[in-house]
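Here is a short briefing on one protein chain. Look at the sequence and the structure first, then work through the points below.

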Amino acid sequence: MSRYANNPQAIRNLIRPTEVHRDVYIDQEVFELEMKYLFANTWVFVGHESQTPNKGDYFTTEIGTQPVIMVRHSDNEIYVLHNRCPHKGTKIAIDRTGNTGKFFRCPYHAWSFKTNGCLLAIPLRKGYKDTGLEESESVHGMAPVGAVKNYRGFIFARLNKDGPDFESFFGESLSSFDNMVDRSPEGRLEVAGPPLRYMHRCNWKMLVENQTDTCHPMVAHESSAGTAIDLWEKMDKPEGTQKPMAMEVIAPFMSPYEFFENMGIRTWPNGHGHTGVHHSIHSDYSAIPGYFEQMVEAYGEERAKAILGENRHNTVYFPNIMIKGPIQQLRLFTPIAADKTLVESYIYRLVGAPDMLLERTAMYNRMINAPTSMVGHDDLEMYERAQEGLHSDGLEWVNVQRLYQEGENFDEITVENGTTERQMRNQFHAWEKYMTLTMEGDAQ
């Protein structure tokens, strides 16, 4: 028996000012409603334009659980299409990437489509004479998603035709993307290789929440980062020896609570926010020879200092990605089931910048996010314990109360103590909003 479908009030009842009901994480019906409403009503990251550099290049992925194809058409524009033949529903492309040439061809009955989705040809078309095919949906070809936006090379899509426009949905939060792209002397990024992929047996929102949880690093990562620091300090080395790149990356994970409190957090409307307003774990990396000079030549000294002076930690873009501007990284949290999430960690090359920057980015990704990393396992252990523990009938609610202030207004941009859980409350405010945005119509 359905408890939540066509019942927006039941959905609203899952969110309190300082608590979230466990069904938000463990209930499969809630998960399926997220796929139907939340991921259809919001702007979701699809891919980067450098993944389809040539006409006919395509990249297959999912928006929520909907299979889609990102493809570069003959007019050089990027289209996002539902990955489904309009005839029998056959998936058109199954490879992750490829080049389809000038058209897609369904492998079942050879219906073919231009790379903007339009129907190109049907074998034995005479068989449809006087059948009314021209009046059917199939004649329109592969269905496009509701809306697509290319923002400085990053491709976003909204499944629904109607909904918030791109600029009003993201607003000033796009400044984190701007900073990441502006770190290239040429103002361009390129995907550097395939992502690291890592399956997690937990709900996708746990990973999103963790990106702005600053009270766990010194606890959950003590066994990995703490051990690395201990070994480094016990090494017989001359006084003043510079830390190697790997130590610069991992040591800040053991910073004390005060470091993260003073780091600050900024929240934007619609569930977006970032840690690292004043400084971050990326602030004290060693300078890369020649890079600053390249930036000064490209932007002028004042602007170059402003770009490189921003060291935002994690920027969460609701619903399901996080980016790190200072090391050019994007993590995508793709929901598979209520208790299963695929995590992909992409890194980007700063076009025109020294290769050592990409080397540091790749090292960070391997050390922190890879399936064989030192730090990622710590987090995964916590997610899986939480997913299991939430099935306990001892308590039904999850607490997100830290530094709560009565009457919080999530339509305002705020900067607060870096250990507040306001960003999690901000996310669930947006979750409730977009889950019920079109569900209201179904209830009438």
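Two strands count as paired if DSSP finds at least two bridges between them. Keep that rule in mind for the hairpin below. The model is predicted.

**A strand hairpin**
- Strand S10 covers residues 147-151, and strand S11 covers residues 154-158.
- Five bridges join these strands, which run antiparallel.
- Asn150 has Ile155 in S11 as its bridge partner.
- S10 and S11 form a hairpin, with two residues between them.
- Arg152 sits in the turn and has a positive phi of about 55°.

**The annotated domain**
- An unreviewed UniProt entry places the feature "domain: Rieske" at residues 43-142.
- This span is 36% strand and 0% helix.

**Asn83 in its loop**
- Asn83 is found in the loop between strand S5 (78-82) and strand S6 (97-99).
- Is Asn83 buried or exposed? Its relative accessible area is 3%, so Asn83 is buried; the cut-off for buried is under 20%.
- A polar atom of the Asn83 side chain lies 3.0 Å from the backbone nitrogen of Ile92.
- A polar atom of that side chain also lies 2.8 Å from the backbone oxygen of Ala93.
- Leaving out residues up to four places away in sequence, Asn83 touches Thr60, Pro67, Val68, Ile69, Lys91, Ile92 and Ala93.

**Nonpolar cores**
- The largest nonpolar core has 82 residues.
- Which of them touch the most other members? They are Tyr25, Phe154, Phe156, Phe177, Ile321, Leu330 and Trp431.
- Helix H3 (residues 28-41) gives this core its largest share, eight residues.
- Apart from this core lies another, of 21 residues, including Trp232, Ile281, Tyr285 and Val375.
- Ile321 touches, among them, Phe45, Phe156, Phe177, Leu330 and Phe333, not counting residues up to four places away in sequence.

**Helix H14**
- H14 runs over residues 376-389 and has 14 residues.
- From its first C-alpha to its last, H14 reaches 20 Å, close to the 20 Å expected at 1.5 Å a residue.
- Its buried residues are Gly376, Asp378, Asp379, Leu380, Tyr383 and Gln387.
- What do the buried residues of H14 pack against? Their partners are strand S13 (196-200) and the helices H2 (23-26), H6 (204-210), H7 (217-220), H8 (222-234) and H13 (355-369).

Definitions and conventions
Residues numbered from 1 in each chain as written. Predicted model: local features only at pLDDT ≥ 70, side-chain atom pairs only at ≥ 80, totals over all residues. Heavy atoms only, no water. UniProt positions renumbered as here; feature names shortened; annotations may be inferred. Helix = DSSP H or I, 4+ residues; strand = E, 2+ residues; numbered from the N terminus. Expected span 1.5 Å × (residues − 1). Buried < 20%, exposed > 50% of the residue type's maximum accessible area, 1.4 Å probe, protein only. Contact = heavy atoms within 4.5 Å. Polar contact = N/O pair within 3.5 Å; in protein donor to acceptor, adjacent residues only side chain to side chain. Core = buried A, V, L, I, M, F, W, Y, C linked by side-chain atoms within 4.5 Å.
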